[in-house]
Amino acid sequence: MTDDAVARWSAWDRFVAATPDAGFMQSSPWAQFRARAGYEHFAVTLKDGDAIVGGALVGKWTYEPGHCFYYVQEGPVLPADEADAAEVFDAVLASIERHRKAEDATVSHLRIEPRWQHLPDFVRGFRPAALSERYSEPRDTLCIDLRPSEEEILAQMKPKGRYNVRVARKHGVTIVRDNSYQGLIDFMRIQRCTLVRKGMKPMTPVYFRAMLTELLPRGQASLFFAEHRGRRLATALVVTFGRRATYLYGGSLLAQRRVMAPSLLHFEIMRRAKASGCEWYDLWGVAPFDQPDHAWQQISEFKRKLGGVEVQLVPTLDYVYDAAAYDQYRIAESGRATSPRTMERPPASAPPSDTSDTNRALASVRLFDPAVPRREFNALRRAFPESHFRRLLQEGFRFYQTAFWYPLDRGPENVFESIINSLRPLAQPSASVIGVEWWFSVTLTNSTPQWLLPCHFDRNDLDEQDLQKIRHPETASVLFLTSPPYGELVVTDQVLTDKGAHPQQPKDMRFVSPKANRYATFPGHLYHGVIGRMWRPVKDTKLRVAMAVNWWTQKPEAAYLNDSRACMAALQLTTPSPPSGCTPPTAAWA
């Protein structure tokens with residue numbers, strides 16, 4: 001931007017920050033972040049002399065080719081005096097109308113989401129948006145006053161909220177701010193686990209990277225974590241703008257729920273926001289009291305324990321420009337309507353979904369839990385006990401170079417081939433699949449940070465450089481034998497090209513936590529790997545054991561590929577496999 005443009009944006013940001021009924025979504029950093037995600041915007045600014053008196057940052061949301069609507073989040077920004085506000089509001093609408101008439105696309109409607117608790121008389125011609133709209137932000141929220149003392153902020157909590165803060169302190173929970181790249185990874189990991197647990201689609205990594213790239217340098221965003229004995233249990237992404245701190249995204253793990261880490265996390269965020277000059281902590285959305293079946297009820301119960309003032313904002317409002325286009329938009333949205341979002345929801349301002357082949361492939365990652373009958377799984381673990389895995393590791397056994405080929409045109413002859421046949425209905429190989437390449441992935445999870453297994457492509461020949469000769473399995477899959485607290489499988493949307501992985505940075509990922517008898521399948525041409533520990537090890541070294549099973553339409557050419565009949569000898573297993581279902585799992589596998 002030119003110096004003049006920078007000066008204009010800076011003046012606008014100062015004006016918005018000083019206006020109580022405005023928010024960070026009317027700021028220039030938010031506009032730049034949305035531009036990174038492919039959304040256009042324009043601004044309307046009204047002045048009285050040199051002083052800004054009102055205006056709006058207007059986003060352009062394209063919902064199908066040639067059709068869009070205008071979206072004013074947390075705005076327009078108006079003066080406090082109602083007569084002046086009416087004049088400014090009319091002027092903003094007139095300026096937006098001039099912009100619409102010059103627009104090449106059809107603009108169906110203008111959407112506004114002001115932070116008003118009462119609808120002014122000068123707002124005419126607008127209608128409430130449908131409740132199922134994905135393009136909307138929470139209209140019922142909870143705001144905590146940070147102006148009293150810290151003791152008073154704690155005292156205004158519900159008794160259970162204060163109790164949970166004390167419990168967390170008693171257990172030694174600590175709160176840290178980590179805006180590093182590692183912090184981003186940890187945040188996405190915890191938040192993604194929470195969303196998957198709730199059956200919701202997580203945001204892409206590129207979304208959070210773009211947001212923090214714009215907000216972090218300006219000091220307008222922070223990543224906070226609640227840690228217990230070195231393990232990060234809960235997280236929050238907080239946006240600070242003007243005199244308000246907003247809890248925008250977050251999540252928590254199911255592990256160590258008894259230490260009440262999320263409660264202390266938010267109290268410490270409030271303390272730090274107060275120390276930085278903020279006067280309010282906005283929890284960004286609660287379920288209305290009169291909707292007991294609302295999907296936000298559980299998280300709303302948690303938020304209300306923190307105290308605060310319930311704030312009911314006016315509904316999301318639409319001004320229709322083109323009735324036919326608006327009806328078409330509403331019909332399309334009703335077909336895509338999703339359930340109400342929780343605290344960790346994808347925002348209304350999410351980027352458009354990518355319809356590329358790789359994203360469709362990534363959407364086909366599937367989980368089966370439990371995968372095979374318990375007696376068969378117990379037989380597998382008895383045939384290859386954990387003590388034997390540990391002994392082979394100590395001897396330097398190369399698990400990744402001890403792979404086996406099992407042709408599907410013959411019956412199983414050992415416990416491992418029997419397991420593959422049990423997995424076959426889950427993997428659903430096509431008629432072209434002729435056999436399975438399988439091996440064991442075995443790692444000491446506390447022995448290395450971040451990446452246990454760097455991302456890679458499964459391929460027919462690791463030494464082959466000619467892309468025309470490289471083949472991938474039809475389906476790649478993993479059967480977990482143990483349940484360590486880390487060592488997640490990660491599958492990205494990247495594919496192999498002559499320039500390496502494309503795109504260079506993943507735009508989307510799927511994470512699968514290891515759990516005994518959990519089976520994950522995914523398209524065999526996708527980039528994938530294993531994430532290691534994200535905190536300091538505090539317990540004895542855990543063993544991550546998984547059986548990798550790749551379904552091939554042609555036999556791989558790797559020199560280390562052995563006949564599956566020879567697996568017992570190759571794995572130094574001299575004891576014959578027990579009959580299926582005869583024995584329970586040993587204590588080592590519990």
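This is a predicted model: local features need pLDDT of at least 70, side-chain atom pairs count only at pLDDT 80 or more; totals for chains, interfaces and linings use all residues.

Colleague: How many bridges pair strand E9 with strand E10, and in which sense?

Modeller: Strand E9 (residues 231–241) and E10 form a hairpin with two residues between them, and Gly242 in the turn has a positive phi of about 65°. The pairing of E9 and E10 extends over eight bridges, and its sense is antiparallel.

Colleague: Which residue in E11 is the bridge partner of Arg244?

Modeller: E10 and strand E11 (residues 280–282) run parallel and are joined by three bridges. Together with helix H8 (residues 261–275), these strands make a right-handed β-α-β unit. Within E11, Asp282 stands opposite Thr246, while the bridge partner of Arg244 is Trp280.

Colleague: How many of the nine residues of strand E10 are buried?

Modeller: The cut-off for counting a residue as buried is a relative accessible area under 20%. By that criterion strand E10 (residues 244–252) is mostly covered, and the number of its buried residues is nine of nine.

Colleague: Is Ile190 buried or exposed?

Modeller: Ile190 is found in helix H6 (residues 181–197), and beyond its sequence neighbours it touches several residues, among them Phe225, Leu233, Gly251 and Leu253. Although Ile190 and Leu233 are 43 residues apart in sequence, their C-alpha atoms are 7.6 Å apart in space. Because its relative accessibility is 1%, Ile190 counts as buried.

Colleague: And His67, is that residue buried or exposed?

Modeller: His67 is found in strand E3 (residues 67–73). Leaving aside neighbours within four places in sequence, His67 is in contact with Trp61, Thr62, Ala105, Thr106, Ala325 and Gln328. Its relative accessibility is 19%, and because the limit is under 20%, His67 counts as buried.

Colleague: Which strands do the buried residues of helix H13 pack against?

Modeller: In helix H13 (residues 386–394) the buried residues are Glu386, His388, Phe389 and Leu392. Because they cover an arc of only 160° around the axis, they lie on the same side of H13, whereas Ser387 and Gln394 are exposed on the other side. The buried residues of H13 pack against strand E16 (435–444) and strand E25 (543–552).

Colleague: At roughly what angle do the axes of helix H2 and helix H7 cross?

Modeller: Residues of H2 including Trp30, Phe33 and Arg36 meet residues of H7 including Tyr207, Met211 and Leu215. H2 passes H7 in a right-handed crossing. The axes of helix H2 (residues 28–36) and helix H7 (residues 205–215) come within 9 Å, and the angle at which they cross is roughly 150°.

Terms used
Residues are numbered from 1 along each chain as its sequence is written. Side-chain values use heavy atoms; hydrogens and water are left out. Helices (H or I, at least four residues) and strands (E, at least two) are DSSP runs, numbered from the N terminus. Buried means under 20% relative accessible area, exposed over 50%, partly exposed in between (1.4 Å probe, protein chains only). Contact means heavy atoms within 4.5 Å. The arc is that of the directions from the helix axis to the C-beta atoms. Two strands pair if DSSP finds at least two bridges between them. A crossover is right-handed if, with the strands pointing away from the viewer, the path from the first strand over the helix to the second runs clockwise. Axes are lines fitted to C-alpha atoms, for helices over the stretch in contact, and angles run from 0 to 180 degrees between N-to-C directions. A crossing is left-handed if the near helix is turned anticlockwise from the far one by less than a right angle, and right-handed if clockwise.
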